[in-house]
Amino acid sequence: MGIAYKKPEQESSGWKGNSPMPSLPEVHHSMRVPKKAGFFRKLLAFVGPGYLVAVGYMDPGNWATDLAGGSQFGYTLLSVILISNLMAILLQALSGRLGIVTGRDLAQACRDHYSKPVSFGLWLLCELAIAACDLAEVIGAAIALQLLFGLPLIYGVILTSLDVLLVLMLQKKGFRYIEAMVISLIALITFCFVMELIFSRPDFAAVAVGFIPRTEIVTNPAMLYIALGILGATVMPHNLYLHSSIVQTRKIEPTVEGKREAIKFATIDSTVALMLALFVNAAILILSAAAFHSAGKEVAEIQDAYHLLGPMLGTGAASILFAVALLASGQNSTLTGTLAGQIVMEGFLNIRLTPWLRRLITRLIAIVPAVIVIGIYGESGATDLLVLSQVILSLQLSFAVIPLVTFTSDRKKMGELVTPKWMIVLSWFVAILIAGLNAYLLYTTFFG
């Protein structure tokens, strides 16, 4: 239910060409924002995109690292989850700002700014990262179907491809329907973990202390490795592309004040949503620490956690809620990953394909390697594939973060709404820190 879109004339010297046709054209500017309304009514109009982004911060790729961190080191690594989430809040605020101010998503901005070979290289890296992320989500959903219904893993992987039809059906009705479904599934995940925390009865004083950073995290090699894995699984590159596009579903006033107001509400939306993601990630680690660390059991496998939760917490409901949350997380993540794949392909290559074909390609890129590995190595290969997917994500992250910080720090590109100086300094610090930590993670993975 998109609206007619008219290309503007040549823009300022900050960009090389005219503003491109919008990504997700079928829903671009399709949701009206009331001009004369109170704060909360306007905020409600902007609520949605942040929750689609938050899905990537609580996807199945996070579960293994959170489970391992909690079972091995108790509540200590909660501080890493908190710091990673604060980084994510900052980067997503920049992503929303880029889309609102320039009318470009991050992929389109890269295509305009960089040479064709560089842009093509960034596209390949981004497609690899989306495929890796999608792979973790597909396997996570398939594991949940296996745990709940006994469905063989390979059939579960194939079944997850049906989300292509779901996205198409919902998008035809309007983007609000997709947002409503995602928010409903996030609410289900949150409910499941509230119940899990009630069952596990964690030491809340120790939980509070866990949010305080310790030098031990850096000096202990085993703890540092898992901490870097948590960072790599938390800050997702494809979310930066996704957010810069879906904020443009709102039809805002094309004035400086209108855009400034949109930035404010979009930032509130993504910040609140990411705080929910913080709760879910922290809850997984707290559950693991309370159930397994206190009993001296190290658990990194999702399947092992499922089978052990019921007996250790004294209720079978704990295992069922765990699997239900995993299924909701995997389905939510594949849905938003499909949208991100469309945005990246259109933005970098300026290729317009029919929606069903775009989404089918995105799904096949993830499903084919999962089916092949599970077919050859059996279900044990799924865990190795999850680990590999997180390493690939870590490799690509800086190639999304650095362009984003560069563009939003450029006054020629952003005009009056350029990122404030304090935010620029903080953003570059985060970009350099992420690049350094992920380089170290990759080094230890291959040579450590």
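Reader: Among contacts between residues at least 6 apart in sequence, what percentage join residues at least 24 apart?
Author: In the protein chain, 84% of those contacts join residues at least 24 apart. Contact here means heavy atoms within 4.5 Å. Please note that this is a predicted model, in which local features need pLDDT of at least 70 and side-chain atom pairs count only at pLDDT 80 or more, while totals for chains, interfaces and linings use all residues. Residues are numbered from 1 along each chain as its sequence is written, and side-chain values use heavy atoms, with hydrogens and water left out.

Reader: How many helices and strands are there?
Author: The protein chain has 20 helices and two strands. Both are DSSP runs numbered from the N terminus: helices are H or I with at least four residues, and strands are E with at least two.

Reader: What share of the residues is buried?
Author: Buried residues account for 57% of the 448 in the protein chain. Buried means under 20% relative accessible area, exposed means over 50%, and partly exposed lies in between (1.4 Å probe, protein chains only).

Reader: Which residues touch the most other members of the largest nonpolar core?
Author: They are Leu 77, Leu 91, Phe 193, Phe 322 and Phe 348, in a core of 128 residues. Helix α14 (residues 256–291) supplies the largest share of this core, with 18 residues. A nonpolar core is a set of buried Ala, Val, Leu, Ile, Met, Phe, Trp, Tyr and Cys residues joined through side-chain atoms within 4.5 Å.

Reader: And what does Leu 77 touch?
Author: Not counting residues up to four places away in sequence, Leu 77 touches Gly 69, Ile 217, Met 223, Ile 226, Ala 227, Ile 230 and Leu 285.

Reader: Where is Ser 79, and what is it in contact with?
Author: Ser 79 belongs to helix α4 (residues 78–102) and is buried, at a relative accessible area of 1%. Apart from neighbours within four places in sequence, Ser 79 is in contact with Gly 210, Phe 211, Ile 212, Pro 213 and Ile 217. Its side chain also reaches the backbone oxygen of Thr 76 at 3.4 Å.

Reader: Is Asn 62 buried or exposed?
Author: Asn 62 counts as buried because its relative accessible area is 1%. The residue lies in helix α3 (residues 60–73).

Reader: With which side chain does Asn 62 make a polar contact?
Author: The side chain of Asn 62 makes a polar contact with that of Asp 59, at 2.7 Å. A polar atom of the Asn 62 side chain also lies 3.3 Å from the backbone oxygen of Tyr 57. A polar contact is a pair of N or O atoms within 3.5 Å; within protein, one must be able to donate a hydrogen and the other to accept it, and residues adjacent in sequence count only if both atoms are side-chain atoms.

Reader: How far apart are Asn 62 and Ile 284?
Author: They are 222 residues apart in sequence and 9.1 Å apart in space, C-alpha to C-alpha.

Reader: Turning to charges, how many salt bridges does a search of the whole structure find?
Author: The search finds seven. A salt bridge is a side-chain nitrogen of Lys or Arg within 4 Å of a carboxyl oxygen of Asp or Glu. One of them joins Glu 261 and Lys 42, with the closest N and O atoms 2.9 Å apart. This pair links distant parts of the chain, 219 residues apart: Glu 261 is in helix α14 and Lys 42 in helix α1 (residues 39–46). Glu 261 is partly exposed at 28% relative accessibility, whereas Lys 42 is buried at 8%.

Reader: What separates Glu 257 and Arg 260?
Author: They are separated by about one helical turn, because they are three residues apart in helix α14.

Reader: Which salt bridge does Lys 413 make?
Author: Lys 413 meets Asp 410 at 3.9 Å, N to O.

Reader: Finally, what is phi of Arg 201?
Author: It is near 50°, a positive value in a residue other than glycine. Arg 201 sits in the loop between α9 (175–200) and α10 (204–210) and is exposed, at 67% relative accessibility. Most residues other than glycine have a negative phi.
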